[in-house]
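Hi,

Here is the structure I promised to pass on. Have a look at it first, and my notes on what turned up are below.

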Amino acid sequence: QVQLVESGGGLVQPGGSLRLSCAASGRTFSTSPMGWFRQRLGKERESVAAISWSGAVTYYADSVKGRFTISRDNAKNTLYLQMSSLKPEDTAIYYCAAFTQGSSAAYVSHYPRTYDTWGQGTQVTVSS
């Protein structure tokens, strides 16, 4: 079973950058499609980005396309989200998630219901 711990959140000014990390324990990370989701105050959890276990296929929500980059290092059991040109509307709790039940190398999903393992979240606040 994979366990996930996010880090890297914090307070940043509009236009700034942050890199989130998601450290995974367990042997299935390298074969698990992964996703980043966020939940803004009073809103439902939404997909931000997702990546296949091979790293070859990625997905981005329209709201972050061109500003955020998802990546993974399977040797380090770590998922990343590089965020740049941050906006106040990016303020949210960010969660990483894993689908550990087996998939093809190209499988990627932006649906929260796909994922069976979630981290506790890290707060990102974009404000001047």
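A definition to start with: the radius of gyration here is taken over C-alpha atoms, and the globule rule is 2.2 Å times the number of residues to the power 0.38. For 128 residues that rule puts a compact globule near 14 Å, and the protein has 14 Å, so the two agree. Along the principal axes, the C-alpha atoms fill a box of roughly 40 × 25 × 25 Å.

Before you read on, note that this is a predicted model: local features need pLDDT of at least 70, side-chain atom pairs count only at pLDDT 80 or more, and totals for chains, interfaces and linings use all residues. Residues are numbered from 1 along each chain as its sequence is written, and side-chain values use heavy atoms, with hydrogens and water left out.

On to the fold. The protein has 11 strands and 0 helices (both are DSSP runs numbered from the N terminus: helices are H or I with at least four residues, strands are E with at least two). Buried residues make up 42% of the 128; buried means under 20% relative accessible area, exposed over 50% and partly exposed in between, using a 1.4 Å probe and protein chains only. Of the contacts with a separation of 6 or more, 60% are between residues 24 or more positions apart, where contact means heavy atoms within 4.5 Å.

- β4 runs antiparallel to β5 (residues 46-51), with 5 bridges joining them. Met 34 stands opposite Ile 51 there.
- β4 also pairs with β9 (residues 92-98), again in the antiparallel sense, over 6 bridges. In that pair, Trp 36 faces Cys 96.

The β4-β5 hairpin has 6 residues between its strands, and Gly 42 takes a positive phi near 80 degrees in it.

Last, what does His 110 touch, leaving aside residues up to four places away in sequence? Phe 37, Ser 47 and Tyr 59. His 110 sits in the loop between β9 and β10 (117-118), and it counts as partly exposed because its relative accessibility is 28%. The C-alpha atoms of His 110 and Ile 51 are 9.1 Å apart, although 59 residues separate the two along the chain.

Cheers

Definitions and conventions
Pairing = 2+ DSSP bridges.
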